[in-house]
Structures are given as structure tokens and as C-alpha cells.
Amino acid sequence: MFYGRNEELKKLNDMYMSGKFECAVIYGRRRVGKTTLIREFVKDKDAIYFLAREADGRINLNGFSNDLYSVTATELVNNSFFADWEKAFDYIYQISKDKRLVLAIDEFPYLAQGHRPISSILQAHIDMQLKDSKLFLILCGSSMSFMENQVLAYQSPLYGRRTAQFKIEPLDFYESLPFFEAYSSYDKAVLYGITGGIPEYLNKIDSSKTVDENIIELFLTPSGHLFEEPTNLLKQELREPSTYNGIIDAIASGASRLNEIATKCSMDSNKCGKYLASLMSLGIVKKEIPITETSSKRSIYRLDDMMFRFWYRYVFPYMSNIVSGLGRALYENEVSINLSEYMGLVFEGICKQYLIKEAKNDNLSFFFSKIGRWWGNNPLEKRQEEVDILAFHRDSALFCECKWTNTPVDIDALLNLERRSGLFSYKSNQYWIFSKTGFTDKLVFEAANRSNIRLLSFEEMLS
């Protein structure tokens, strides 16, 4: 089944209907569903799909020849492969001059690494021939740094040739819901929180089993699909996986500032910053600053990939136990009793997605131009303060508290939120409180008598 990606699919189909040359660049981290999107798009069209190998140029050219001829001819022309890429693209031009044709080159970075001139060759053919054809070219890659720097960036030979670009992100919670139809509302949130909305991981959920059983079988069993997944991804993407492993573990263990992470890893801060930049380019780590600021010395680093965050918290420190067959005991004595606390940050993300969804549907009373977390100093009480979600535009602001707890939220949550809003100078403030379980009668009564307070239970967020 194909779920989500409706906006991307619509845009691709609109481009296809133009009938003119198009070049779409599609990129994103591994397992995020790029290939599935391409295959869904081309399934009812004349299309050539080529998956580049991590090999030299000749091997890829031979593979490209096979894939091309298998669609456009019954056998190899003159019983031979193309002599070079120039002749291959000449052939593409001849068959797409008057006929709509999709050519999708998946893992384009592998092709470029095996034959470095390929980008310049392709650029020349676009400029001299293909721009006047009916070809729909798709260049796809998992190496985000390569795609951004070598395909989309100004210094790339292909700069300016693309007609659209798509950075494929993990599915958000609401887009992931079709994978969770067999589960309760709370279980849906947990399953999203451990997979991070990555389609391949979502597809591994066995709906005939409980959430507990899925976590044990996917993560806490040596043969589990996700038992070694982060390690394998780091080996595929990075040259020094053990160094990156240490940095991620430091962040997962609570280090959030650059000097803290560097100290834990016994590394110079400047060098550590370069490693962190690589992890950010892969979507594993995120650098955050308070949402009201454009630059700040209070910047922190967090694991942006939820599957990585779950794995480094509950799998990495206990791999020996899991290999020894103690996965179920580990779940009962460590994972299950701390899962609610782990879900706090996941719930914040879901609440933010809810607000963005409501804004898209024009269901909010005011427009917000920025949304995110805020933290900073309270000069009067001389302590650090945090706001889970702050959304604002000009003089209007929305302050949000997100509580994933098994007890109803009481009025102190509202009082704290109002107190923190006093640190800002917005003229019109609204207060929203999101809760997993619900609210006390005292808080419900207070909200009923004030127009600028809204209480939202998790069940309501799903309705």
C-alpha cells in the first residue's frame, strides 16, 4: 500500500502533464520512501527506472543500457552496450523528442562517484538537446550532502537545470496513522515515537502483535530488523562510524551543548562541530536555538531522528544483554517503565504537527510565522525557563504546554505558562494545554471562563 506523500505525488503529476522537459531532484535520508514515491509516480507511465550501483562507470553504464533497452527495445541495439554516456543520452533524446518519457536515475551519487564527469555530461545534453524534448528526468539520492552540494548548489554543473526539488522527510504522526489502524490512540503515538515516521520501519510493524511484542521483536532481539539499524546506516554513510557513534551516544545520554559533547567524546570542540555538521546533514542530529532568536550562544544539539533516539537509549547500552537473550526482561525492567517519560518529547512534536495542520486548514484564530521551543533566563527569579511550544507573529503569541502523563493536568500548568509568558512583550496571548490523559475539574472550570485558553486531550487531537 502507498500512504502519504500526496502533495509530492500531485506536484510530480502536474509536472508530468506539462508535456515539456522537466528535471525533478528527489533526495532524503535512507529508508524514507524516495524509491516508493518514484515507483508510485511512474506505475502508469512510460518510464525507465535505473538504480545506480556503488561501482565504476562501466558497470553502471552496462546496467543502464540493460534497463534502457528492456523498456525501449526487445534486445540490445547491435547486441552491445552503449559505448559511453554521451551515446546513451543521445539515445534518450531520440526516443523522447516526440514522446513523453520518464527517466528516473536512483542513487545518482553512486553514479557520479563511479564516473565523475557524469554531471557535466548530463548538463551538456540538457542544454543542447534534452531541454527541447518531452523527457521527464528524475535524479534521486540518499546522500543529502552530495545532492545539496553537487546537484543543487551553485557550483554544480547541474545548477539551474532542475525544475523542481523534493526533500523527502519522514512522515509526520498524522501521515503515519494508516499504518496503525489496529491500535489504540496511545499505542499509535508510541509506535510513531519509536519509528520516527520512516516508512520502511512503519512497514515492519506487525499489526497482529501488541506494541510490547513489536518493540521486543524489532529492537530487543538479535535478529530484529532494527537491532543493528543505526550502526548499519552509519557504516553506509560515514567514514568513521565509531567516532559518530560516540557523539550520538553522548547526546542520547544528555549532553546537549557543543562543549559538553566534545568533553564526553574527549575531542576538540571545533573538530566535534564538524562531525556534528555531518550528522545534521543526514537528519540524525538537529541544532536548535530558542525560537525567538536567529542566532544564540544557547544553541543545543538534539537527536532529530526518533528511531535513533530510542535505539541509543534502550538498545545501544544493553546490546550484550539482548544478545544473551534478555530482551524481554530488558523491556519489562527498563523500557516499559520509562516509556512515558521517553514519549514526552515525541508528544511535543505531535502537538506541533497538530498546530501546523490546524493552521493549514485555517482553523486557528491568528496566523503564526514562527513555531518552536523556547528556553532562556528568568531575570527576576534567576532561573532557566522553558516553553514547550511558542508560536507567534508580530504582537500575537500562542504559548503551549504538552503533558504526556497518566494523571490529569492541573491548573498549575496554566499558571506556569502564564508566568513564563510574562517574560515576553506580546500584546495578545493565548494559552493551549495538550494532555495525554485529560484535565482536572479546576483547570476545566478556569478554561471555560476565559476565551484565550484551550484544553486539548490526545483523543481530541485525533478526532
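I will go through some of the salt bridges in this predicted model.

Searching the whole structure turns up 33 salt bridges. As background, side chains of opposite charge can pair when their charged atoms come close.

Start with helix H1, residues 6–16. Here Asp14 and Lys10 form a salt bridge, with 2.9 Å from N to O. The two residues sit four apart in helix H1, so about one helical turn separates them. How accessible are they? Lys10 is exposed, at 54% relative accessibility. Asp14 is at 42%, which makes it partly exposed.

Next, Lys43 and Glu40. Their closest N and O atoms are 2.9 Å apart, and they form a salt bridge. Lys43 is exposed at 59% relative accessible area, while Glu40 is partly exposed at 21%. The cut-off for buried is under 20%, so 21% does not count as buried.

Now Arg373 and Glu348. This pair also makes a salt bridge, with the closest N and O atoms 3.7 Å apart. Buried or exposed? Arg373 is buried, with a relative accessible area of 18%, and Glu348 is buried as well, at 14%.

Last, a network. Salt bridges with shared partners connect Glu381, Arg383, Glu385, Glu401, Lys403, Arg419 and Arg420.

That is what I have. Questions are welcome.

Key: Residues numbered from 1 in each chain as written. Predicted model: local features only at pLDDT ≥ 70, side-chain atom pairs only at ≥ 80, totals over all residues. Heavy atoms only, no water. Salt bridge = Lys/Arg side-chain N within 4 Å of Asp/Glu carboxyl O. Buried < 20%, exposed > 50% of the residue type's maximum accessible area, 1.4 Å probe, protein only.
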